Amino acid sequence: MNTISITDMYMDALASLSDEEKLDLITKLTRSILDKKKRTKAKGMEVFDCFHKDWGGEGKPEEIAEGLRNSRCFNRDNVEW
């Protein structure tokens with residue numbers, strides 16, 4: 001059984017393009033790769049780094065969790081039945 005790679009399928013589909021159109025496509029593909037690399041480098045943060053101040057500021061997760069636990073106040077009276 002012969003398998004055809006996706007790049008071969010694209011080459012068959014794009015074979016009828018003019019040289020100018022092929023060069024334009026090459027340029028756009030190259031830019032998309034370079035732009036993706038730039039975005040990846042620029043991003044450089046972990047997914048949730050942008051939320052660190054929302055959850056208690058600059059501190060280790062354990063410290064923030066401890067602060068949240070200590071800040072809880074319960075003013076409920078236990079009612080016996």
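Modeller: Before we look at anything, one cut-off: a residue counts as exposed when its relative accessible area is over 50%, buried when it is under 20%, and partly exposed in between. Keep in mind that this is a predicted model.

Biologist: Which residues make up the nonpolar surface patch?

Modeller: Ile6 is one of them, along with Ile4, Met9 and Tyr10. Together they give a patch of about 470 Å².

Biologist: Now the charged side chains. How do I read a salt bridge, and how many does a search of the whole structure find?

Modeller: Look for a side-chain nitrogen of Lys or Arg within 4 Å of a carboxyl oxygen of Asp or Glu. The search turns up two. One joins Asp24 and Lys28, at 3.3 Å from N to O. The other pairs Arg69 with Glu66, also listed at 3.3 Å, N to O.

Biologist: Why are Asp24 and Lys28 separated by about one helical turn?

Modeller: Because they sit four residues apart in helix α2, residues 19-43. Asp24 is partly exposed, at 39% relative accessibility.

Biologist: And where do Arg69 and Glu66 sit?

Modeller: In helix α3, residues 61-71. They are three residues apart, so about one helical turn separates this pair. With a relative accessible area of 47%, Arg69 is partly exposed. Glu66 is partly exposed too, at 38%.

Key. Residues numbered from 1 in each chain as written. Predicted model: local features only at pLDDT ≥ 70, side-chain atom pairs only at ≥ 80, totals over all residues. Heavy atoms only, no water. Patch = residues over 30% accessible without salt bridge, like charges linked within 9 Å, V, L, I, M, F, W, Y side chains within 5 Å. Areas by Shrake-Rupley, 256 points an atom, 1.4 Å probe, with all protein chains shown as cover. Helix = DSSP H or I, 4+ residues; strand = E, 2+ residues; numbered from the N terminus. Buried < 20%, exposed > 50% of the residue type's maximum accessible area, 1.4 Å probe, protein only.
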